[in-house]
Amino acid sequence: MKEEKSKPDKVDGPQHRTEESLSKKKTQKAQDMAGMETYALAHEQQTHQTKLEMQNEEPKHAHAEAEDALNKYTELYDFAPVGYFTLDKHGILIEANLAGASLLGVERSSLINRYFHLFIKPEYLPAFNTFRNKMVETDTKQTCEIELVKTNASTVCVRLEGIVTAGGKGKQFRVAAIDITAQRHANEEIYLLQTITFALNVSENLHDALVIALHKICNFTGWVYGEAWRSGSDGEFLERDHAYYSAIEGLEKFIAYTEGLTFAKGSGLPGRAWAEKQPVWVQNATLEPTCLCASFAREAGLKTGIAFPIITNNEVVAVIVFYHVKVEERNERLIKLILSVLSQIGSIFNRIKAEETLRRSEAYLDITGIRKTEKLLRESEEKYRSLVESVPYGLQENDLSGTITYSNKAHHAILGYPQGELVGKKIWDLPAYDTDKEMLKAYFMKLVNDQPEPTPYFGKNLTKDGRLVDVQVHWTYKRDEQGRLAGFVSVITDITERKRMEEALQRNEEKFRQLAEYVQECFWITSSDIHEIIYVSPAYEKIWGRTCKSLYENPEDWINAVHPDDHVRIQASFLELMKHGNFNEEYRIARPDGTIRWIYDRAFPIKDKSGNVCRVVGIAEDITERKRMESEHQKLREQLYHAQNLASVGKLAGGVAHNFNNLLTVIMGYASILLTEIREKDPLRDYVQRILKSSETAASLTQDLLAFSREQPICPEPVNLNEIVIESQTLLAKLIREDIKLEVMLSARNCIVMVDSCQIVNVLMNLATNARDAMPKGGLLTINTDVVEMDKTFVKARGYGEVGEYALISVSDTGMGMDEDTKSRIFEPFFTTKEVGKGMGLGLASVYGIVKQHNGYIEVDSAPGKGTTFKIYLPLIESKDEQAITEVNASASRDGTETILLLEKVRNILDKPRA
């Protein structure tokens, strides 16, 4: 006994060291393999993360540039000094800037979707229709001058410049409205002064002069009734000299009533103007206590009354009174104009008195009187010149040869010439370019010869110091007493700043258009209620797969394209956008071809000066690729975590299996010895047999754990995978039930792989068992083999693998399937969905370990109710590799006598129990 016990003591040292060395090598190999996989997955994840960050960075610069261009465009558009309108083919306003809304006296939000012709003075509608028709027919820029009616019933004169553009709903009209009210008033005032001055100069008496003044002023101002009052012979009262009125019902009684009236100083409108020697403006004569005609004015429908005294030598020689059917606010500019006109009558009155004196003396020539009359005429002319020189617009007179005969101070200031230096120049000497000079000369000669309705002239003039200035010229014919053309009066406006703003707006529009049309993002602009698409960039067609025209015609296409799973959420966000202008969402859309795209869409409101949302601007970006990369990134992260988890569990399982296997060896050894020592009929024999049977079952579990940890010894050799499947077919048929049909489809190619055949059979058995349990009511089990090419696309899509050819074995069932959570855990040791006692959860874990030990890959495709398919990829070996491996195996196989050294660190394994 002592000799027997001494033998193990002698080998205990070498055995222990050799065993530790082998164990360390196996453990290190497993760690190296797990570490390489973990590093590969981590590197792939980092690569995807870098690409994702780079892709996310690309649109940021485009977004910043787009927002900057959009802000500049919006500022220039909204705060330009010109009103801009966009009309659809029916004349409905679909867009307007702030200047346009201010021009019409309405809030921009309430202006949209209204007919533009509702703001046009009725008598100008034909001119506007002609203007619009010409735009459509010629497809060129057109101009016209009309009057618009503001919401407060006042009018504004504008010059329209328009062009036809292609919109989503057909033709659209882009119209610029330039306020020329002041220019037109200036022209009309100059014309009024000229005509009255010419007419009064030929008047033979004060009565004729008063009649001319009444008629001209009523026609110019639109006042419906006028009266002229002169002092009587006693000089105590004013008597009516003449009355002028429009054909308005009820004025007859008013005229009849005032015909016999007289006014003392301070009584009624005429008397107040006489006494105060100042114009008297009564906003509503029917409510004025001092108005003696209040009741008759009320019956005739007259409201505002104005009285002007005509003064000469500080004495009131006459009073002119006007009435209007509307209530008018006091207009100082109009009062100043009428006083300038009536001052001419005072001069005429002095001239007439002088002529009467001359006629009475007949033979006596009063030189002093003539000089006095000439002085009065000079004073009258000086007042006219003073008025003309004070206007803020350039005024110019020229004869029929085109020579400038007069130019006011403002005109000289525009062109930078000293006062008077422009007189004598030809009007076509002023343009900066020769072509413009020829065009202006040709147009002037047409005005002289054909006398058409003059149209505004636009051009660049050269200033005295060499600068270029943009001017706008309005022509007016000047005629003599017989109505013959005598020359022209022109109003010149410096529009350099306006042109600069318009050009800046055009440049910004072009910059915005280029940016919007050439970047990948889709820019869109809608009305404040987002029911009208004002603009959408061409990128919409590329991203949505639909035309921009279809979106213009049906704005609901935008929301209708949203994926059903996102529709409710996005529609709610759109409602929030309508209320607060907030929108920042990611959602999916379905293109007409059925493809799904991910969209990142954000919007922000544009507000007017009042703080009201006037439109909504948005940027939509196709982030499908980014979403795909994020998904791959997440998938790689999960795979990395799963690989790390399985590696850790495998390391633990391998260590546990080794130690547990050693303990089982001791248990089974002692149990075997006990079994030989116990008699056949001894009742303890049954217990020992149960110990052995349980130990064998436990040993089988340790083999599964070793397979999972990839530490189970294998004997790989080149074999045809088809042969392994054929040899396993009979065994698998017995393993499954009769209600499960087994179908095997093999590849026509030889699937030569370097594997341990027994281990691959073990894999098939475990997968078949798993499929059987997943089909409690029967079904179909299919095993296929094939040869596949694993390329870069395959590796990138799945996040694992190396490029090359692989033998593929697929095991599919028609069972219950698995959800995503179950799929993510099926390869974990001891995880099972079976009832307690019906499975240990090591079958698929051992399959995973065997595949990995053979440098292969395994993937699962399953869904609840749709069955499960396991795909195993094993590296395909070439014929030369097969031959080399065969030679190695042949050289390693030798016949002879060998000694096997058993090394084990568990001492009890080698201990022999005492008798």
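Is F116 buried or exposed in this predicted model? F116 is buried, its relative accessible area being 1%.

**Figure 1. Aromatic pair of F85 and F116 in the predicted model.** Across the whole structure, a search finds 19 aromatic pairs. F85 counts as buried because its relative accessibility, 2%, is under the 20% limit. F116, at 1%, is likewise buried.

**Figure 2. Aromatic pair of Y225 and Y323.** The rings of Y225 and Y323 are tilted, with 6.1 Å from centre to centre and 40° between the planes. Distant parts of the chain are again linked, here 98 residues apart: Y225 is in strand β6 (residues 225-231) and Y323 in strand β11 (residues 315-323). Both Y225 and Y323 are buried.

**Figure 3. Aromatic cluster and the charge over Y477.** W428, Y443, F444, W475, Y477 and F488 are joined into a cluster by ring pairs. Y477, a member of this cluster, also has the charged end of R479 over its ring, at 5.3 Å from the ring centre.

**Figure 4. Surroundings of I427.** I427 is located in the loop between α12 (409-415) and α13 (434-450). Its relative accessibility is 3%, so I427 counts as buried. Apart from residues up to four places away in sequence, I427 touches Q396, N398, G402, I404, L440, F444 and W475. Among these, F444 and W475 also belong to the aromatic cluster. L440 is 13 residues from I427 in sequence, and the C-alpha atoms of the two residues are 8.1 Å apart in space.

**Figure 5. Lysine over a tryptophan ring.** K627 lies over the face of W598, and the distance to the ring centre is 4.5 Å.

**Figure 6. Surroundings of N720.** N720 is part of strand β22 (residues 717-720). With a relative accessible area of 10%, N720 is buried. A polar atom of the N720 side chain lies 3.0 Å from the backbone nitrogen of N722. When neighbours within four places in sequence are left aside, N720 is in contact with N750, C751 and I752.

Key:
Residues are numbered from 1 along each chain as its sequence is written. This is a predicted model: local features need pLDDT of at least 70, side-chain atom pairs count only at pLDDT 80 or more; totals for chains, interfaces and linings use all residues. Side-chain values use heavy atoms; hydrogens and water are left out. Rings of Phe, Tyr and Trp (its six-membered ring) pair if their centres lie within 6.5 Å; planes under 30 degrees apart count as stacked, over 60 as edge-to-face and the rest as tilted. Buried means under 20% relative accessible area, exposed over 50%, partly exposed in between (1.4 Å probe, protein chains only). Helices (H or I, at least four residues) and strands (E, at least two) are DSSP runs, numbered from the N terminus. A charge sits over a ring if NZ of Lys or CZ of Arg is within 6 Å of the ring centre and within 35 degrees of the ring normal. A polar contact is a pair of N or O atoms within 3.5 Å; within protein, one must be able to donate a hydrogen and the other to accept it, and residues adjacent in sequence count only if both atoms are side-chain atoms. Contact means heavy atoms within 4.5 Å.
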